[in-house]
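Open the model in your viewer and keep the sequence panel in view. Each stop below gives a selection and then what is there.

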Amino acid sequence: MWCPGLVEGSLHSPLAVPSSLERLLPMAQLRFGLVGAGGNQVGSARGLSHARHLATLDAGQIVAVCDRVAEAAEQAAGRLGAVAYTDYDRFLRHGLDVVILATPDVLHAQQAVEALQRGIAVLSEVPAATTVEDGRRLAQAVHRSGGFYMLLENYGYRDEIELIRRLVQAGKLGDVYFGEGEYLHDCRGLNRFPDGSLTWRGQYFSGYVYIWHSLRPLLYILDDRTTRVTAMMTMQPGRLEADIRIPDNVVSLFQTAGGRLLKIRVDIVSPRPHLMDYYALQGTKGSFEGSRGFGDPPRIWLEELEPADRPGRSGPSVSWRRLADFEEEYIPDRVAAREVAKRTGHGGSDYWTLKAFVEAYRAGNPSPVDVFRALDCSLPGPLVLESARRGGAPVEIPDPRTFI
Ligand SMILES: NC(=O)c1ccc[n+]([C@@H]2O[C@H](COP(=O)([O-])OP(=O)(O)OC[C@H]3O[C@@H](n4cnc5c(N)ncnc54)[C@H](O)[C@@H]3O)[C@@H](O)[C@H]2O)c1
C-alpha cells in the first residue's frame, strides 16, 4: 500500500543492471535504501544499526526507507534525512543503487528477487531464504540479473573466526575433520508484542532453525558446504508459552562435501545467559575451543608447539595457548582497526561485514558472501527442522549451485 501522507522521492528508473564502471563510482555517491526500520520496541531494529554502521564507513547515504508501518518509516527516514515509503515497489523506484533488507526473515528472498529484477544490488539480513523453493528462486534471480547479492551474515566476520581461518589455511591444525557451533540465545522477549500478539519471530521461528550464525563461520573457515543432516530436538509446546511452537533445543549433525562432521546446537527459548558464538574445531595437528563465557578465554592447541620428546602428548604436559597470542601475527589488519570496528555491533563484526561489501563493490569484485554461500548456510534452517520432526531421519541438503 502506498501511503499518500509520505513524501515521494524523485522517480528515477534504475532498471539496468549497474555496469562495473558504475560500480567504480566513489562510494559517497552510492544511494542506499533501507527496508525494515524496526522501532517497534520488541525487535532489534537491525536496519537502523546498519544505517549507523554505514556512517562509520562513509560509504554513501541512506536516501529512502521502507516499512509497512508508516510511523516507523517516517521516524527512521526523518532521522536519516531520507524519504519514507510503505510500498516496496515504489520504494524500489526511488533511485537506489543498493537495498538493505532488514525485514522479517520470510520476506528476504522475495524482496531480494524484486530488487535484483530492477538492477539494484542487495544486502540481505540473515537468512537468505527460509525454504528451499525460495532459495532456488533467489539463486535464479541473481543468475539472471547478473546483479550483486551479499548476505550480511556477520558472525563469520568476527576476529576470532578470521584468525582461526588463517591458522587453518596455514595448515596449523592439519586436516580439520570436526567442527562444532552453539547458538544459545534467550529470545523469549522478542516473541510477543506488549498487547500479547505474536511478533514475526513468535510466528515464524516454528518453521526453521536459526542456524546460520553457527554454520557460516564454520563453512567459511573450512571452505566447505553441508550435504546431509540428521537432527533431534526437545519440543514441549506450552512449557514456556502455550501458543509458541519453537523447539526448546535442536542438535544437528551435518556431513560436509569435504568429508567432515559438524555438530551444532541451537536454543533460542531456554532461560540462561547468552552463548551465541561458541565454535570448536579438531584437526590432525591441532584443536581449537572458543570461549564458553564467564572469563573463559578462546584457546588453541597445536602439536607443533608441544615439545617433541613427549610421546602421546597427553596428561599434564599438554598446554593450551590463548588464541589471542596469535593475533598480531595472523590478523594484524584486524588488530590495527580494532578501535574503529568495536564502535559497531557484535564485537566489531558488523563493521567488517559492511567493509567487505564496500571493498568488493568498489573494486568490481564478486560478492564476499554470494548467493551460493548465503544459501549454503540458510537452506539447512528448514531442513534441520524437517529431520528433527522425522525423529532424526537424514535429510539431503541441496547444493544451490545446481539451482541455475
Ligand atoms: N545478523 C544479526 O546479528 C542480526 C541481528 C538482529 C536481527 N537480524 C535480522 O534482521 C532482520 C530484522 O530483525 P529486527 O530484529 O530488526 O526486526 P524488527 O521487528 O525490529 O524490524 C523489522 C521491521 O520490518 C518491518 N516490516 C515487516 N514487514 C514488512 C514489509 N512487508 N515491508 C517493509 N517492512 C516490513 C516491521 O514493521 C519492522 O519495523 C531479521 O531478518 C533478523 O533475523 C540479524
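The tour goes from the ligand to a helix, then to aromatic rings, an arginine and some backbone angles.

**Before you start**

This is a predicted model: local features need pLDDT of at least 70, side-chain atom pairs count only at pLDDT 80 or more, and totals for chains, interfaces and linings use all residues. Numbering starts from 1 along each chain as its sequence is written, and side-chain values use heavy atoms, with hydrogens and water left out.

**Stop 1: the ligand**

Select the ligand and its surroundings. How many residues surround the ligand? There are 27, and the closest are Ser44, Arg46, Asp67, Asp105 and His108. A residue counts here if one of its heavy atoms lies within 4 Å of the molecule.

Now show polar contacts (pairs of N or O atoms within 3.5 Å; within protein, one must be able to donate a hydrogen and the other to accept it, and residues adjacent in sequence count only if both atoms are side-chain atoms). Asp105 has a polar side-chain atom 2.6 Å from an oxygen atom of the ligand. For His108, a polar side-chain atom lies 3.0 Å from a ligand oxygen atom. Gly38 uses its backbone: an N or O atom there lies 2.9 Å from an oxygen atom of the ligand. The ligand taken alone exposes 860 Å², and the protein buries 91% of that. These areas come from the Shrake-Rupley method with a 1.4 Å probe.

**Stop 2: helix H3**

Select residues 70-80, helix H3. Helices (H or I, at least four residues) and strands (E, at least two) are DSSP runs, numbered from the N terminus. Which residues of H3 are buried? They are Ala72, Ala73, Ala76 and Ala77. They sit on the same side of H3 because they cover an arc of only 120° around the axis. That arc is taken from the directions from the helix axis to the C-beta atoms. Buried means under 20% relative accessible area, exposed over 50%, and partly exposed in between (1.4 Å probe, protein chains only).

Turn to the other side of H3: Glu71, Gly78 and Arg79 are exposed. The cover over the buried residues includes helix H2 (46-57), strand S2 (61-66) and strand S3 (83-85). Just after H3, find Gly81, with a positive phi of about 70°.

**Stop 3: aromatic rings**

Rings of Phe, Tyr and Trp (its six-membered ring) pair if their centres lie within 6.5 Å; planes under 30 degrees apart count as stacked, over 60 as edge-to-face and the rest as tilted. The count comes to 14 aromatic pairs. One of them is Phe357 with Tyr361, tilted, at 5.2 Å centre to centre and 40° between the planes. Both Phe357 and Tyr361 are buried. They are separated by about one helical turn because they are four residues apart in helix H13 (residues 349-363).

Next select Tyr155, Tyr183, Trp200, Phe205, Tyr208, Tyr210 and Trp212, a cluster linked by ring pairs.

**Stop 4: Arg216**

Arg216 lies in helix H9 (residues 212-222). Is Arg216 buried or exposed? It counts as buried, at 5% relative accessibility. Its side chain makes a polar contact of 2.9 Å with the side chain of Glu153.

**Stop 5: backbone angles**

Most residues other than glycine have a negative phi, and most peptide bonds are trans. The peptide bond from Val126 to Pro127 is cis, with omega near -10°. Gln41, not a glycine, has a positive phi of about 70°. Gln41 counts as exposed, at 78% relative accessibility.

Methods:
Contact means heavy atoms within 4.5 Å.
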